[in-house]
Structures are given as structure tokens and as C-alpha cells.
Amino acid sequence: MKAKNKFRIFLAGAVLTASVGCSQQQQVVAPGVYPEPDTGFFARRLQARLPQEQADVAFIFIGGFAEQVLTHFRSVYESTPVLPVPGKQVRACYAWDGGRGCLLIHSTRLIRNDVNNFLKLNPGADLVFVGHSYGGSAVMDVIRQIKGEHGNIVVVTLDAVSRRDRSLPRSRAEGVDYWVNVYCSPYRHPKDLAAMIGGQWQECPQADENLCFSGVNRDPKGRRYQHARPDSLFENQHPTRGMSAYQLMVDACVRLKIGKETQ
């Protein structure tokens, strides 16, 4: 990464640390994850790019705006267990704009190129995406730009947001085999203002599952459900559906036989 970009990330981190405080979340790295996430302070704020090597499954996490500073979604990437499917799986974690740190330009070029290059090496490999906030819309953008032969695609969007002119029709990208859409409504926390200013997706009719968590309610840790806590939206059991987004994702992976040997 260029020195200018590293300085920009450092400066943004310093500003937010002074104003609202950097993430104090406990870092828990799931065992058996490959490649193992780097938990260093600065390394956690850089892209963990998709390894260009032979594998059967790519498990890709895409975070939202300011994720490189706050690292709320990075913690989800670090703590999510290995998918219980056969074959070799690799994983990656990106910012919604590929780490460009730009407010005006939305580009998934880096992610798109990494996925397409991975599929050139592993034609027919399965893809599993989890995206939060702007990362939810970025997931669909990336899938629409896939050029290589691929296997099944499973998607989880966590309180997806996109620019106003990109918010509708919030459509399902061609090739998605299963889509779980999770959202928080109504919002009840000041930190949710960013999502309210953006283009909230909320319920998506084309999704296979829509799970709504009310911002009035609290998770098992006593915290209100909110946009800035993707771990609660991903990991906690939905009160009426009886399953979490993570459980639905895993069930879909097993049902679709994600991880079948492709080599």
C-alpha cells in the first residue's frame, strides 16, 4: 500500500480515536481459519485480500463506511468459525470501496479483480459473501461483475446501505443461490444516523430470508440492536424465525453442497 494511503488511514484513526474512541471490542480469532486474521492494531485496518491459491470455497467479508477505523465488522470476520463444509476454504476481508478511503467514489475494482483472478485459478469454486452497511451493496456489485466460471453463491447482507442513486431496486444479483437479508428497524441510537442518511435497504422482496431486529430490543448482552453492531445482527437468533443469519447461511451451504471438490 502506498505511504499516502497508510498515512490517511492513520490520520483518520487518530481523529476518530480522539473524538469517539476506537473500537474496544475483544479480539477473538476463530480456530482453524485460513489464512489466520492479523490482529495487529494497524493490520486490522488494512485489506485482508483473497489468497490467490487453489481452494474450493472463498469466504469473503465486506465492511462498510469507516470500517477501517472502527473495525466493528472486522471482528465478525475474525470470530466467525470455519464453514462446516468439505474442501479447502480461504477467506478475505475488504472495505466497501476496496480500502480507497474515498467519500465520493464507490469502486469495488480491487475486490472484483481479486474474485475474478481467484476463479481463474479455481473455476467452479463456491463463493460465500457477508456484507455490512455499504458492504452489503458492494457484495451485489461484485457478484454482478464476476466473469469466471463459479459454483454456488451464498450471500448475507447485514443492514445494507447504498448511495441514494444506487439504493433501488435493491435487486438480487444474477447467480445468487441463497440470500439472507438482515436489517434493523426502527433505529433508536444516534450511531444509526449514518445509515439513515444513506440509502437503507431494509426489507428486500427478492431475498430468500428477511430478518428484522428492532432497535427497541436488546441482544443477549444487553445492547440495543443497531446498525453499528453487525455481530448482533449476524450471530443472534431471530425472535420469530428461531435461527440466526449465521445459522441460515450454514444451513444453505450444507444444502447446496458448498465446498464440493472442484479440482
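Is Arg241 buried, partly exposed or exposed? I found that Arg241 counts as partly exposed because its relative accessibility is 35%. I took buried to mean under 20% relative accessible area, exposed over 50%, and partly exposed in between, with a 1.4 Å probe and protein chains only.

**Basis of the entries**

I note that this is a predicted model, in which local features need pLDDT of at least 70 and side-chain atom pairs count only at pLDDT 80 or more, while totals for chains, interfaces and linings use all residues. Residues are numbered from 1 along each chain as its sequence is written, and side-chain values use heavy atoms, with hydrogens and water left out.

**Salt bridges**

I counted a salt bridge where a side-chain nitrogen of Lys or Arg is within 4 Å of a carboxyl oxygen of Asp or Glu. The structure holds nine of these salt bridges. For helices (H or I, at least four residues) and strands (E, at least two) I used DSSP runs, numbered from the N terminus.

I looked up the partner of Arg241 and found Glu209, with the closest N and O atoms 2.9 Å apart. Glu209 lies in strand β8 and Arg241 in the loop between α7 and α8 (245–255), so the pair ties together parts that are 32 residues apart in sequence. Glu209 is buried, with a relative accessible area of 16%.

I then looked up Lys88, which forms a salt bridge with Glu53, the closest N and O atoms being 2.8 Å apart. Lys88 is in the loop between α3 (72–79) and β2 (89–95), and Glu53 is in the loop between α1 (3–19) and β1, so this pair joins parts 35 residues apart in sequence. Lys88 is partly exposed at a relative accessible area of 36%, and Glu53 is partly exposed at 21%.

Within helix α3, I found Arg74 and Glu78 four residues apart, about one turn of the helix. Their salt bridge has its closest N and O atoms 3.2 Å apart, and both residues are buried.

I checked strand β3 (residues 126–132) and found seven of its seven residues buried, so the strand is largely enclosed by the rest of the structure. Asp126, Val128, Val130 and His132 are on one side, and Leu127, Phe129 and Gly131 on the other. In a regular strand the side chains alternate between the two faces of the sheet.

I took two strands as paired if DSSP finds at least two bridges between them. Six bridges join the parallel strands β1 (residues 57–63) and β3, and Ile60 has Phe129 as its bridge partner in β3. Six bridges also join β3 to strand β4 (residues 153–158), again running parallel, and the partner of His132 in β4 is Leu158.

I found 10 of the 11 residues of α5 buried, among them Tyr134, Met140 and Ile143. The cover over its buried residues includes β1, α4 (109–121), β3, β4, β5 (161–162) and β6 (178–184).

**Val216**

I located Val216 in the loop between β8 (209–213) and α7 (230–235). Val216 is partly exposed, at 41% relative accessibility. Leaving aside neighbours within four places in sequence, Val216 is in contact (heavy atoms within 4.5 Å) with Pro186, Arg188 and Arg224. Val216 and Pro186 are 30 residues apart in sequence and 7.2 Å apart in space, C-alpha to C-alpha.
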